[in-house]
Every structure is written in C-alpha cells, then in structure tokens.
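Visitor: I'm new to this one. Could you pick a single spot and take me through it slowly?

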Amino acid sequence: MIDRRNMLAALGASALLPYAARATSADTATIPDLRGDVAILRQALKMHPGLYRYNSPAGIAARIDRLEPEFVVAPTIGARYLLLSRFLATIRCGHTYCNVFNQKKAVAASLFDRPTRLPFHFRWIGGAMIVTDHGGEALPRGTQVITINGVSSRDMLADLFPYARADGHNDAKRISLLDVRGSDTIEFFDVFHGLVYGVPDHGLYRLTVRLPDGRQALRDLPAIGPTERRTQMVTRDDRGDQPVWYWTMRPDGIALLTMPSWAMFNSKWDWETWLNARLDSLSGAKGLVVDLRENEGGNSCGDILLARLVSKDLPSAPMIEKIRFRRTDPLIDRYLDTWDDSFRMLGVNARDLGGGWYSSPNDDDTAVITPKGPRVTVPVAALVGPVNSSATFGFALRGKTSGLVRLFGETTGGNRRGINGGRFFFVQLPASGIEFDLPLIGSFPLTPQPDCGVEPDTRVVPTIGDLVGGHDPVLASAIAWIGPK
C-alpha cells in the first residue's frame, strides 16, 4: 500500500488518500479521510467533458474549495449527500449527480428508506403544487397545496431547486424533476424533501390547501415510506419479459404509442420485435402519435422508429463528440466503477484535438440511421416535454430537424448546446460512502446554439383546468393535426 504521508506530500492540496480496499464507515469517517473523498472528486472531474461548458476552471476550483471544509465537518451522510448534490448541480449537466439508484444498499437505506414522503402525486404548474393523484377525498385532483407544516410550497420549491440536475439553464427540466409522478421507484422530490426537511413531527403533514372549488381548508395527512410510494407507481417493471409500452388503435384510425421509459438495459423483453410488429400494423392507419412526456431516456429506442420513417440514410446531427483523457489516473482507478473496463483507456488511440481534448470513439447514438423494414408513411407526431433530456431529447432533436416527426407539447429537457453521456464511471467516494455518476463523452454542436431544449413545432401547455377536467390538450392538438378519418 502506498504510504499516505509521502503521497500527501507529493500531491499537495489535491492529494488522494491511499485507501485500502475498504470503505470507511460513513458516520465515523475522519476529516483526513473525507478530504480524500474531495481529492478523488477533483481528480475524477478532470475527465468530465462538459465541466467547463457553463463554468470556468477558476469557478469550479473555487466551488470545490468552498465545498471541502463544509463536507469534511458535515455531521451525517445525509448532510454530505446534500452538499455534494448541490455542488454537482452547478456543473449544469443532467447526467452528473449522486444517482439514487447507484448508491450502496446501506447508504441508500440510510438516506432514502424513511417515512418522509407526501402521500400523494403532484405537479408544479405555474409555480404552484397541484395534486394529480392519490389525494383521495381530502385532496381531489386539482387541489393546490399552499403550505406544508407552515412552509410555503413555493418556498419549498425554491429550497429544493438548487439540488436538481439539468443541462445548461434548462430550468423547466429541474422543476419537472421535483414533480411526483409515479414514474420511478425512488422519486427525486422525495429524496431531497426528506433530507432537507426531515421526518415530520408525529409522522403527520399539516397542509393548507385550496380545493378545486376555491375553498381553503386544512388537512392532516400521514407521511408514507418507500414501500407505500412504490405501490403508487404508474409505470411497468422494465426488468421483466413483458411489454412496458402501451399501444392503442383508436376508433379514428390513429395509433397511440405510449413509451414511459426507454431504459431497457436490464429488460428481458424483446422490445425491438414488439415495436416493429406494431409499426407493421400501421398499413391503412390515419397516423401515429408517440407519447414521450414521461420518458427521460435510456436506450436509443427511437432509432427503430426513425429507421422505419426514412427513405434514405439519415446522418447524425452536426455535432462533434469529444473526451478529456487518454487513460484513467491509476491513483483513482479503484474508485471508478463501470460496466466496461475498456472505458479506462477510452482515449488511448484517440486523435489529439488540442486544448486537452481527444476524439471520441464512434457511438451508436450518433450513427447514421439507415432505412430498415417496410417504410411507415403515415404522419407521425410525438408528445414531448421537459422530462425528455437524454435519449428522448436526442430523438426529439433528430425527429424535428429531419422533418420526420412533428413535436407537440412543451420544450424538452436536454440542451441544444450539447449534452454529456454515452459512457460512464460511477465514482465511489469511500470515506463518505457516496457515489456520483461521471459521463465520459461530450457532444458539441458545430455551430452556435441556444441554451435550451428542443422547441416543439406546436407548443401546448396544459392548465390546472385541464387537469381537473381530465383533458389532454397536447394529445388533442396532435390528433387534430393528423386530421379526422
């Protein structure tokens, strides 16, 4: 084992502690050990391709300098998780965060398995918390939550906003993360609301609400835990062999394909065969509407659809992909988990682009899309919104710029200035026990682009009245565009 004292002297302020193959207990870690976590963070971020997309080197260095003294004296793992999450959010990369699904079991149990959750689903509409489901008779759909245990819901949104990840200044994506929709086993809002505000006294939330009829009322509701929250999920299990998408042929001859997720990494379902079979059935149909509004991304499932729409090869977007390293630093290699060890030498054979940049290996997400199978010739609409920030952002951008798909809804997540992803390290900080995701490939447009997501062809923003009345104006607009049968 490398001698700690000599290593610290050699590496100075950015020294990496030479941990043995063990993690320090998160709540008994020493200050030197926690300084080692910050040193690992500094070194790992040197590989981040988007670190300076919205920040300067001096700005990032100063923020880490401010983070370190707070991180090492934080009294609990929860406090350290909040500090690190808030710092990572300042990078303005939607793929760089303390991923709740990648934490070790003991860490996840300590941070997330507590009865701190509000017992209903809601969305933020115009800055107001609006109940959507599971409110029962006490909180009918469309109820506005004004205060929670004396805290204004608008102040609560402001308190949690700095922890939300997004690309660039796409703040609508940040707000969408703070909805509770039932789309994940662990909701982003639940995590940070629970850590910031803690377990409520006597396990109860006292709410001041405005009911859909305009009356103001008080409601006392019990906090729930993760098991109860999971029973409220609206998406299917993507790890099995059964379909997780929904296909409906409407009486008007328009097919509706609802795709809540493209995360098929662990799925045993043959989704490609399923999707191609449905597309084959469109002969004689009036059109196709693809609902992606709840879909953050995952696999590039949309490429299958685009391959059925094109009549000739569709080139990739005018982007260049770049990386920031030849090979990983051996001093932190043991703290970099990944599914493919070849990522550790990602830039060994890459071209030197100058300025610390290297060419990226070819990636499936940017490959030319070649026609495949019988061509789908019916009009295709996609329903989009701020949740779309990874593969679905890429699909929306490609579908719109090619003219193959018309977009309806709200501005997507992601960012036209490029996003980071493709390949990842899962950086383990052994003293605190916390993990964060580190993307390795950055995409950069060849011409200047605005700091925003993809704008829909037809912008439609649902109102509280639509929610109360059960109307879907986004779908209605797409149906109207395709036209009556």
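Guide: Let's start at N55, whose side chain reaches the backbone oxygen of T90 at 3.2 Å. That side chain also makes a polar contact with the side chain of R63, at 2.2 Å. (A polar contact is a pair of N or O atoms within 3.5 Å; within protein, one must be able to donate a hydrogen and the other to accept it, and residues adjacent in sequence count only if both atoms are side-chain atoms.) Before going on, a word on the model: it is predicted, so local features need pLDDT of at least 70 and side-chain atom pairs count only at pLDDT 80 or more, while totals for chains, interfaces and linings use all residues. Residues are numbered from 1 along each chain as its sequence is written, and side-chain values use heavy atoms, leaving out hydrogens and water.

Where does N55 sit? You'll find N55 in the loop between α2 (31-45) and α3 (57-73). (Helices are DSSP runs of H or I with at least four residues, strands are E runs of at least two, and both are numbered from the N terminus.) N55 counts as buried because its relative accessibility is 14%; buried means under 20% relative accessible area, exposed over 50%, and partly exposed in between, with a 1.4 Å probe and protein chains only. Leaving aside residues up to four places away in sequence, N55 touches I60, R63, T90 and I91, where contact means heavy atoms within 4.5 Å.

Now for a sheet. Six strands make an open, antiparallel one, in the order β11-β16-β17-β10-β13-β12; two strands pair if DSSP finds at least two bridges between them. β11 (336-337) and β12 (352-354) are at the edges with a single partner strand each, so one side of each has no neighbour in the sheet. β11 pairs with β16 (residues 420-429) over two bridges, in the antiparallel sense, and D337 stands opposite F426 of β16. Helix α4 (residues 77-89) packs on this sheet, touching β16 and β17 (434-445), and its direction makes about 5 degrees with that of β17. (Axes are lines fitted to C-alpha atoms, for helices over the stretch in contact, and angles run from 0 to 180 degrees between N-to-C directions.)

Last stop: N102, in the loop between α4 and α5 (105-112). At 26% relative accessibility, N102 counts as partly exposed. Again setting aside residues up to four places away in sequence, N102 touches F426, E435 and D437, and its side chain makes a polar contact with that of D437 at 3.0 Å. N102 and E435 lie 333 residues apart in sequence, with 6.8 Å between their C-alpha atoms.
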